[in-house]
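Here are a few exercises to work through with the coordinates open beside you. Try each task before reading its solution.

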Amino acid sequence: MKLNKEEKEILNAYEKGDFKSVSNVKKEIEKYRGYAKSTLQNNKRMNIRISERDLIHIQRRAIEEGLPYQTFISSILHKFITGHLTERTN
């Protein structure tokens, strides 16, 4: 099986043990199921222009969250307008 660069990076990170299990898998699944459900209920289209650099960062974060980047952007906007967006600390 031939992997692209991104897939190789993910595989290497997995093999090095960089991924950690979440403490409450069922809760996480329900959270993301809710994100997906709200995203699927979209009935309006929006086009925006952003820098290529920002888009790359968004796409990387979306991968970390296990979401398509457009769904990730939608969830960020939804969290912001509902007051649930919290700052991520590293």
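A helix here is a DSSP run of H or I with at least four residues, numbered from the N terminus. Please keep in mind that this is a predicted model.

**Exercise 1. Find the helical elements and say in what order they run.**

Step 1: Start with the count. The chain has four helices and zero strands.

Step 2: Read from the N terminus, and the order is α-α-α-α.

Step 3: The C-alpha trace spans about 40 × 35 × 30 Å along its principal axes, and 9% of the 90 residues count as buried.

**Exercise 2. Work out how the span of α3 compares with the expected value.**

Step 1: Locate the helix, which covers residues 52–65.

Step 2: Compare the spans. With 14 residues, α3 reaches 20 Å from its first C-alpha to its last, close to the 20 Å expected at 1.5 Å a residue.

Step 3: Gly66 follows α3 and has a positive phi, near 75°.

**Exercise 3. Locate the salt bridges and describe the partners of each.**

Step 1: There are three to find.

Step 2: Begin in helix α3, where Arg61 and Glu64 sit three residues apart, about one turn of the helix. Their closest N and O atoms are 3.7 Å apart, which meets the criterion of within 4 Å. Arg61 is partly exposed at 32% relative accessibility, whereas Glu64 counts as exposed at 52%, because the exposed class begins over 50%.

Step 3: Move to helix α2 (residues 25–40), which holds both Lys31 and Glu28. This pair forms a salt bridge with a closest N to O distance of 3.4 Å. Lys31 is partly exposed at 35%, and Glu28 is partly exposed at 23%.

Step 4: Stay in helix α2 for Arg33 and Glu30, again about one helical turn apart. Their side chains meet at 2.5 Å, N to O. Arg33 is partly exposed at 49%, and so is Glu30 at 48%.

**Exercise 4. Which residues form the nonpolar patch on the surface, and which helix gives the most to it?**

Step 1: List the members: Ile10, Leu11, Tyr14, Phe19 and Ile63, with about 490 Å² of accessible area together.

Step 2: Assign the main contributor. Helix α1 (residues 5–15) gives the most, with three residues.

Step 3: Ile63 has a relative accessible area of 40% and is partly exposed, so it passes the patch cut-off of over 30%.

Conventions
Residues numbered from 1 in each chain as written. Predicted model: local features only at pLDDT ≥ 70, side-chain atom pairs only at ≥ 80, totals over all residues. Heavy atoms only, no water. Patch = residues over 30% accessible without salt bridge, like charges linked within 9 Å, V, L, I, M, F, W, Y side chains within 5 Å. Areas by Shrake-Rupley, 256 points an atom, 1.4 Å probe, with all protein chains shown as cover. Helix = DSSP H or I, 4+ residues; strand = E, 2+ residues; numbered from the N terminus. Buried < 20%, exposed > 50% of the residue type's maximum accessible area, 1.4 Å probe, protein only. Expected span 1.5 Å × (residues − 1).
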